[in-house]
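Hi,

Here is the structure I promised to pass on. Have a look at it first, and my notes follow below.

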Amino acid sequence: MSKSILVTGGAGYIGSHTVLQLLQGGFRVVVVDNLDNSSDIAIKRVVELAGEFGKNLSFQKIDLRDKDALTKIFSSTNFDAVIHFAGLKAVGESVQKPLHYYNNNLIGTISLLEVMAAHGCKKLVFSSSATVYGWPKEVPCTEESPLFAMNPYGRTKLIIEDICRDVQRADPDWKIILLRYFNPVGAHSSGHIGEDPRGIPNNLMPFIQQVAVGRRPALTVYGTDYPTKDGTGVRDYIHVVDLADGHIAALQKLFEDSSLGCEVYNLGTGKGTSVLEMVAAFEKASGKKIPLVMAGRRPGDAAIVYASTAKAEKELKWKTKYGIDEMCRDQWNWASKNPYGYCGSPDNSN
């Protein structure tokens, strides 16, 4: 009998790519999402891409803070595990609206954990973030690096990690894997699903993409005098399909490792790429020139952040397959087919 997985936030960028990998891996999947910062078109496209496996996906529009609705879903399906992506994720917005972020991300997660416990489902993969390392003094970041979130979004991730550690310590039946992602980019090779940020993007790649399709006039590069190879900030970019595969590897570990408690893994490539290197790779992939506006450093930005991936490679038997050329190729394929994301026209995108 194939295993049933609940995926929260499964209509989002990383969630939708992971749901597709789950379906293709033979899992049955129920997605819950409040569509606050995602689109149900992503779910429809995942069903199409999954072909014969598409019938194993069902979608429920609910908010995790609605405990009655969540209880109903757990009462009707016996879940083997949960992958928890759901959450607000814009750093800048979290600074302006901290209570909105704490309410959504923390209360939603507590509600989920309570309902899981009540129904005896105690296997969880949680979508954490490299933001929990703050601006690291040493690179690469290992799972033991000091934790210091710099904004309310990062703090919600860190608090949820602590909640998970406490829950597992109190009840050893829980098996939890915390995945700290670095910088997810790219899209499924079909170009039918990808990142579709609402409003002004937070991250480099969707910004480059919007300049390339003509939605924005230029890319602003913050900081050109860092102690890096070309003076611009260096980050660890990971292809979203590699990241999705990391979730499948984490699930397998939950099911196979009886001694597992609460473990944390970095998911990155272990390599740093500068802003200008990424721009050059995207220009090559798209054939478009990206106009740049050079600006000063943003307060608090680190010069170099990249992952140590040794632990995930050893214990999850997982490592990335794709480099920045493939990331840019797939990002451009998605962007050129969907210049305004899932909504399809400039009138509907804000």
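Let's start with helix H1, residues 13-24: at 1.5 Å a residue its 12 residues should span 16 Å, and the end C-alpha atoms are 17 Å apart, which agrees. Helices here are DSSP runs of H or I with at least four residues, strands are runs of E with at least two, and both are numbered from the N terminus. The expected span of a helix is 1.5 Å times one less than its number of residues.

Before going on, a word on the source: this is a predicted model, where local features need pLDDT of at least 70 and side-chain atom pairs count only at pLDDT 80 or more, while totals for chains, interfaces and linings use all residues. Residues are numbered from 1 along each chain as its sequence is written, and side-chain values use heavy atoms, with hydrogens and water left out.

Back to H1, which is mostly covered, with 11 of its 12 residues buried (under 20% relative accessible area, with exposed being over 50% and partly exposed in between, using a 1.4 Å probe and protein chains only). Among the buried ones are Tyr 13, His 17 and Leu 23. Just after H1, Gly 26 takes a positive phi of about 90°.

Helix H6, residues 152-170, passes the span check too: 27 Å is what its 19 residues should give at 1.5 Å each, and its end C-alpha atoms sit 26 Å apart, which agrees. Its buried residues include Pro 152, Tyr 153, Lys 157, Glu 161 and Arg 165. What covers them? The cover includes helices H4 (91-96) and H5 (98-118), plus strands E5 (123-129), E6 (175-181) and E11 (262-267).

Now the whole protein. It has 11 helices and 13 strands. Its radius of gyration is 19 Å, close to the 20 Å that the globule rule gives for 350 residues, so it is as compact as a globular protein of that length (the radius is taken over C-alpha atoms, and the rule is 2.2 Å times the number of residues to the power 0.38). Of the 350 residues, 55% count as buried. Along the principal axes, the C-alpha atoms fill a box of roughly 55 × 45 × 40 Å.

Leaving aside neighbours within four places in sequence, Pro 197 is in contact with Pro 206 and Gln 210, contact meaning heavy atoms within 4.5 Å.

Cheers
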